[in-house]
Amino acid sequence: ADWRQGAKMDEELVRGLVAEGSIDELQHYLEKQDIGSTESTPELKTLLLLCYLIQHDLNSARFLWKRTSTEHKQSTELTAAWAIGQALWTRQPFQEALTAFAWTSLPQALITVLTDRLQQRQLDLVEKAYSTINEERAVALTGLPLDQLKAEIKSRSHWTHHPTEHHFEIAEPSVANSSNTQLPEAQLTKLVQMVSQLEK
């Protein structure tokens, strides 16, 4: 897609903000280009939608999709981005939606950030909900391949992998971090729903 047709978007600026990980600043820039503009494009909306998903601002993502014209919804890339949002909104497994589309370069950079954010969020939920979890379920819930999951938990000292038993043991967080150990009911419900979907 030609990012310079239609919307007045500075592609170099956008690439720079993505490279810096300045998602807040990128989101604000894209909102200024999109809201109230008659020249917004599906490409711009795709980036803005992905920014909302990275921030886990599902309400803004849903509103963006609802106010998007039927013409712009014909964009396969924008539709693919919303498929991720829809999975998150309805609390369905989202891993397939992340990888099912051949993203162009700018959206792909944001998909990489989004994938990491979602995986970290899932790891946080898993460690609050389980004291032990088998490898297969841990892989399914986090979306991380087993080798990557084993590498990821090296920075989480309270995780222990037992390869012969094919499971992970998750110890109680340290006292210093125990003030927020209770899993909110809504998050636990979400996790249970995801497990239920995966086990169907």
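Predicted model: local features only at pLDDT ≥ 70, side-chain atom pairs only at ≥ 80, totals over all residues.
Glu11 counts as buried, at 15% relative accessibility.

**Zoom out.** Show the whole chain as a cartoon. Follow the chain along its sequence and the pattern reads α-α-α-α-α-α-α-β-α-α-β-β-α. Of the 200 residues, 41% count as buried.

**Go inside.** Which residues touch the most other members of the largest nonpolar core? Select Val14, Leu26, Leu30, Leu53, Ile84, Leu110 and Leu114; the core holds 37 residues. Helices H1 (11-20), H2 (23-34), H3 (42-54), H4 (58-66), H5 (76-89), H6 (95-99) and H7 (105-129) each give two or more residues to this core. The largest share, nine residues, comes from H3. A second, separate core has twelve residues, including Val126, Tyr130, Trp159 and Ile170.

Next, pick Leu114. Setting aside residues up to four places away in sequence, Leu114 touches Leu50, Leu53, Ile54, Ile84 and Leu98.

**Try a charged residue.** Select Glu31 in helix H2. Glu31 is buried, yet has no salt bridge. How far away is the nearest side chain of opposite charge? That side chain is Arg67, at 7.1 Å. Beyond residues up to four places away in sequence, Glu31 touches Leu48 and Tyr52.

**Follow Arg67.** Arg67 does form a salt bridge with Asp34, with the closest N and O atoms 2.8 Å apart. Arg67 lies in the loop between H4 and H5, while Asp34 lies in helix H2, so the pair ties together parts that are 33 residues apart in sequence. Asp34 is buried at 2% relative accessibility, whereas Arg67 is partly exposed at 33%.

**Last stop.** Select Glu127 and Arg156. Their side chains meet in a salt bridge, 2.8 Å from N to O. Glu127 lies in helix H7, and Arg156 lies in the loop between helix H9 (146-152) and strand E2 (159-162), so the pair ties together parts that are 29 residues apart in sequence. Glu127 is buried, with a relative accessible area of 18%. Arg156 is buried too, at 10%. To finish, display Asp34, Lys45 and Arg67 together: salt bridges that share partners join them into one network. The structure holds six salt bridges.

Notes: Residues numbered from 1 in each chain as written. Heavy atoms only, no water. Helix = DSSP H or I, 4+ residues; strand = E, 2+ residues; numbered from the N terminus. Buried < 20%, exposed > 50% of the residue type's maximum accessible area, 1.4 Å probe, protein only. Core = buried A, V, L, I, M, F, W, Y, C linked by side-chain atoms within 4.5 Å. Contact = heavy atoms within 4.5 Å. Lys, Arg positive; Asp, Glu negative; His and termini not counted. Salt bridge = Lys/Arg side-chain N within 4 Å of Asp/Glu carboxyl O.
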